[in-house]
Amino acid sequence: MPDAPPQELTLRLHPAIAEISATEWDACAGDENPFVSHAFLAALEESGSAGPRSGWLPQHLALRDAAGRLVAVAPAYAKSHSYGEYVFDHAWAEALERAGGQYYPKLQVAVPFSPVPGARLLCRPGSGVGPEAVAQALAQVTEALGLSSAHVTFCTDAEWRVLGEAGWLRRLGTQFHWSNAGYGDFEDFLGALSSRKRKQLRRERREARAAGLTFRTLRGAEITSRHWQAFHRFYRGTVDRKWGSAYLTARFWPLLAERLGERVVLMVAERAGEPVAGALNLMGRDTLYGRNWGAAEETPFLHFELCYYQAIDFAIAQGLRRVEAGAQGQHKIQRGYLPVPTYSAHLIRHGGLRRAVAAFLERERPAMEAEMAELAAASPFRAAGEA
């Protein structure tokens, strides 16, 4: 049969996600990953976390068919800097500016401040519109607005390939994820590790508990304003100490809990009933996503307990397939979180910069693949026949 003729689509950029109904947006985004849900993105904007203050100006892309039905969206932002993205292009910006060009503003298709892999070119199932149409629309927007570039970060492998076929430059990264092999409980998981690693993890959990702390897992309405006030202090303390710029406002956390309900999971460590540390997670359809962490005291192995081991406990109890514990951290390997590739794609309009970045990525990609193979070889899991 002959191919169906291409649909006539109307493209519009929205400076606030509130201009798009939650029902329409989520019909495109689906329910697999909460970070691209209308609720999460709206909480960022309404709390003042993503907006002029932080330099993330919403320019959400929307495609509608001839009947006016929303058939595809992409969470997009105009940016005058490269902070809060976790895929670093500062050197690209400096190179263009040294050559007399202007890198900013640029278009960023991403979830602000969240290095969480997942779909970015969000198409309504059954609409006949695929990611190719969104890729084309992003290129048109970049050209029409005179932007230097567009960047789709932490996208899926399938989207990465579509964007590559459309002429975008492709980049690889690495994260560390835990996979559930059908474990019955944490001890069952430990049984899959080598004897030495098994003993190490047991010792770390034992020492964290010996500090006189009580560990609790709270969800949705169980998380009170007292918990959120404490968690914001922990978050600010961690960010101020390590990075110096806290994007997420105090209003964001309760708004998130209100909008996402039981999908918000907070692991809390308490001393004498008072929170002293917390780790925030969001639950997707089959994945627990670790997001933010902070503590008011230094306790041995507290970070590992709250962010990694409590997350594994929860995932096993809920029958989830994966725990994704955020960016960076080769130390996660020894705790059962193994390296996986992450994907980004970049459309650069300046010919000279594009050629230079393409050459860099051609060298970087095999180096990243070799590094992931080397990291995977450090797996704590037992080899066949090993005790």
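The model is predicted, so local features need pLDDT of at least 70, side-chain atom pairs count only at pLDDT 80 or more, and totals for chains, interfaces and linings use all residues. Residues are numbered from 1 along each chain as its sequence is written, and side-chain values use heavy atoms, with hydrogens and water left out.

**Nonpolar cores**
- The largest nonpolar core has 47 residues. Such a core is a set of buried Ala, Val, Leu, Ile, Met, Phe, Trp, Tyr and Cys residues joined through side-chain atoms within 4.5 Å. Buried means under 20% relative accessible area, with a 1.4 Å probe and protein chains only.
- Phe 40 and Trp 228 have the most contacts inside this core.
- Elements giving it two or more residues include helix H2 (38-46), helix H8 (225-242) and strand E12 (274-283). Helices (H or I, at least four residues) and strands (E, at least two) are DSSP runs, numbered from the N terminus.
- A second, separate core of 38 residues includes Leu 201 and Val 323.

**Cysteines**
- There are zero disulfides, a disulfide being a pair of cysteine sulfur atoms within 2.5 Å.
- For Cys 28, the nearest cysteine sulfur is that of Cys 123, 7.3 Å away. Cys 28 is buried, at 6% relative accessible area.
- The sulfur of Cys 155 is 13 Å from its closest cysteine sulfur, in Cys 123, which is too far for a bond. Cys 155 is buried too, at 3%.

**Helices H7 and H10**
- Among the residues that meet are Leu 201 and Arg 205 in H7, and Phe 304 and Asp 313 in H10. Contact means heavy atoms within 4.5 Å.

How values were computed
Buried means under 20% relative accessible area, exposed over 50%, partly exposed in between (1.4 Å probe, protein chains only).
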